[in-house]
Amino acid sequence: MDDPVSGPAAGKRRDTADLSGMPSMQDLDKGHELFTLIQSGDHGGVEKLLAERGHKVEVTPKIGCSSTHYSKFNLANWENENGDSPLIMAAKGDCKMVEIVIKYRGNPNHTNKDRDTPLSIAANRLDKDTIDALLRAGGNLRAAAVKLTSALRYVSEKQLKASKETGFSVRPLTVLLADDAYLKCRDPIKAAFDVCKDIRRIKDVRHEFEIEFDLLLKDADLFTYKFLNNCDKMFEAREILISSTNLLRSAIDARRKRFVSHPFCQQIINERWLGETANTLLFGKTKIAVKYFTSPIMLPLLLLKFLLIDVCRGIPFMESSFSDLMRLLFTPCLCFVTDAINYVGFLAVMISTCLVEFGVGTYEVTTIEYVLYYCVFARIFIEVDQLIQQGRKRYFSRFWNYIDVVVISLLVAAAIYKGFIKHIVDLQESFYQEQEDELEDNTTYYKNLEVLLIHQHRNSMNVNYIYAVAEFILTIRLMSLLEIHKSLGTMLIALKYLVADVIKFGVILLIVIMGTSISIYSMTIALNEWNAELTHIRDEYQWPYSFPKNLPVSIEIPGVFETFTDTIRNILWGTFGLLDVVNLKIKNKQSTTDFINVMMILYVLLSCVLLLNMLIGILSSTFDTVKENCDIEWKFARSQLLKEYSSAQPFLFPFFPILFPFIIWYRAKLTEEQKKKIEKGTILSEESERDKLISAVSDRYLYGNLVRDDNPDSENQSFETKMKFKKQKAVLLQIAARIKSKRK
């Protein structure tokens, strides 16, 4: 980096600086003098001192300006014992002082020991002019937002107690982010994403400020959408979104549904989803289908061709026919087709395993089970590959991956259990065969054989239970393939939200059922004790005449409440009106019958009248909400499919374990090529062009806002409003001229 200190000031600077890089005593005196002048508000004295000891630079108030390098030897970046810089001290004063220090290359992102920045100090003072000046100079908006919300962060008990005494106000943060503050950052969309990420993290912890934070998040979401609207052509949006920093992927990870549903974003997603299959006619699609189905045979041949012929000819790897075919196979839509075929085949094998009769020797592993275990083995390879490529957090953020893990775990457990059964049964059969000749009575042998068959049947039934559960879950998993269809995908999204509401409702209903069951079953325990006491009285004391008339011989307990499990089950079915009320009557104990009836009435009021109707209202509201935003929800769901299948594997079950080394080798080569591209500096050149493009789009955005706000014909305007409109007109003309020159 070039030395920012140059000219006469540079010569004086080197004369007064120590060779070790430490400042001299004269510099210390000048630093204290500068701080004194800033605190006293002497603008002329500060500018005079900085002109002698600082380095003046031209700071253009251009929206989307690039970052500036600062020198720690510059007097404008001097630090006192608290770590404060002249710009931090100036931010405590007025905007003019800040502009003077910035003019002499004061660092707007300097932090002191308390992690204060000039931006955070200006926001605490609610000084919007100072905030704008610091942002135009390259101030870090995210660092200021983090500092302003630091009172809500759990850092240490000491800081937490201090923050509690000081309190927290959202107003400084609101002032900091007002008037499209992101527009003054170098990368407006990325700045909005970063700030929203920190605000959302705090909002999930501190719910007392949830309404204010939600408003800030909505404003940022609206800004990013409107900013993207100001792109004139598709290539501009593509350059901004996926050039050097992949903002589209960041938006998908941050669940910015409105932003992802923007037409420009959807066009990029559609291009990446289809890849080479886009804009092809029937002949082109047929050609791609032939390449897809013959790829397991062609890939080894093309690899040999590359290693034996292309390498000798000097053909780069990315230009070889092997790389072209692998690039085609890794197209997300083809990976989705591969995944769909794999799941349908897996489900067909699973259904065949459940429906085929195994015969008498059910402990033996059949042919269809061997096929099933091979599919499970291949599925484990696929899931591990997805976990490595996507990362643990992204992998487990998708609900269907949990289903895959459960199905694989069940089938692995079934395979281990069946192998254990076969081993035990083989040992027992060999033992009985050896003992058959030694037994004098064949009856003992057949009794042992009967016990063996009973245990064998019971264990095989346990395996069948596991298969049945796995088949049911895998059939549910097949619904995930319908997300690609707009109508069916929207229904699946609504179903996902409805299931979440039903689970919440089930927790409340379970509490009510448990409370009612315990209270009713306690009466059953008391009646059992009373029956035992009556039996004791009748047997022990042996009444000489007859049993007392005021004591019942016994009390018959209803079968629906005989055990605690029966009580819970029948009360649950009673929620849906499937409980016979006549069976609730207890003979010879009318008071207990009345108590149970009262408890059941209370339960029906809570569960059927209140909770079920509340569930119906919640489900209706959720479905209406999803229906209103069905287009945004489905587009976002499709973007998540793109993110998932961008790192998926492209081979079918029978070939995947065999061709998996090809995938590893191709990914390694692809990573190596990307590193070479970065080393050549192509990314840096693209970034400079991207900065110019962001600056042009920012001008259009600001121009559009000023045009909408300008209303000079209104009669009910104050003097301040009219003056504001005059200033806006002047800025409007400047921006219009700049846009015109850029377009030329």
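1. The chain has 30 helices and zero strands. Helices here are DSSP runs of H or I with at least four residues, strands are runs of E with at least two, and the numbering starts from the N terminus. Keep in mind that this is a predicted model: local features need pLDDT of at least 70, side-chain atom pairs count only at pLDDT 80 or more, and totals for chains, interfaces and linings use all residues. Residues are numbered from 1 along each chain as its sequence is written, and side-chain values use heavy atoms, with hydrogens and water left out.

2. Some overall figures to start with. Of the 744 residues in the chain, 42% are buried; "buried" means under 20% relative accessible area, "exposed" over 50%, and "partly exposed" in between, using a 1.4 Å probe and protein chains only. Take the contacts with a separation of 6 or more: 76% of them are between residues 24 or more positions apart. A contact means heavy atoms within 4.5 Å.

3. Now the nonpolar cores, meaning sets of buried Ala, Val, Leu, Ile, Met, Phe, Trp, Tyr and Cys residues joined through side-chain atoms within 4.5 Å. The largest one has 136 residues, and Leu176 and Phe213 have the most contacts inside it. H19 gives this core its largest share, 10 residues. There is also a second, separate core of 15 residues, with Leu509, Ile520, Ile596 and Leu611 among them.

4. Leu176 deserves a click in the viewer. Setting aside residues up to four places away in sequence, Leu176 touches a list that includes Leu119, Ile131, Leu141, Ala144 and Leu148. Leu119 sits in helix H6 (residues 118-124) and is buried, at a relative accessible area of 1%. Leu119 and Asn109 are 10 residues apart in sequence, and their C-alpha atoms are 7.9 Å apart in space.

5. Another buried spot is Ser607, with a relative accessible area of 0%. Ser607 belongs to helix H26 (residues 590-628). Beyond its neighbours within four places in sequence, Ser607 is in contact with Leu509, Thr575 and Leu612.

6. How do H16 and H19 pack? Helix H16 (residues 263-274) meets helix H19 (residues 332-355) at an angle of about 60°, with the axes 5 Å apart. The axes are lines fitted to C-alpha atoms, for helices over the stretch in contact, and angles run from 0 to 180 degrees between N-to-C directions. H16 is therefore oblique to H19: under 35 degrees counts as roughly parallel, over 145 as roughly antiparallel, 65 to 115 as roughly perpendicular, and the rest as oblique. Arg272, Trp273 and Leu274 of H16 make the contact with Pro332, Cys333 and Phe336 of H19. By type, the residues of this contact are five nonpolar, no polar and one charged. In that scheme, Ala, Val, Leu, Ile, Met, Phe, Trp, Tyr, Cys and Pro count as nonpolar, Asp, Glu, Lys and Arg as charged, and the others, Gly among them, as polar.

7. On to charges. The whole structure holds 29 salt bridges, a salt bridge being a side-chain nitrogen of Lys or Arg within 4 Å of a carboxyl oxygen of Asp or Glu. One of them pairs Asp187 with Arg690, with the closest N and O atoms 2.8 Å apart. Asp187 is in the loop between helix H10 (171-177) and helix H11 (188-203), while Arg690 is in helix H29 (residues 682-709), so to speak 503 residues apart. Both Asp187 and Arg690 are buried.

8. What about Lys257 and Glu633? Their side chains form a salt bridge too, at 3.2 Å from N to O. Lys257 is in helix H15 (residues 257-260) and Glu633 is in helix H27 (residues 630-645), so the pair ties together parts 376 residues apart in sequence. Lys257 and Glu633 are both buried. Elsewhere, salt bridges with shared partners join Arg142, Lys190, Asp194, Asp198 and Arg201 into one network.

9. Finally, two backbone details. Leu126 is not a glycine, yet has a positive phi of about 60°; Leu126 is in the loop between H6 and helix H7 (128-136). Arg255, in the loop between helix H14 (247-253) and H15, also has a positive phi, near 60°.
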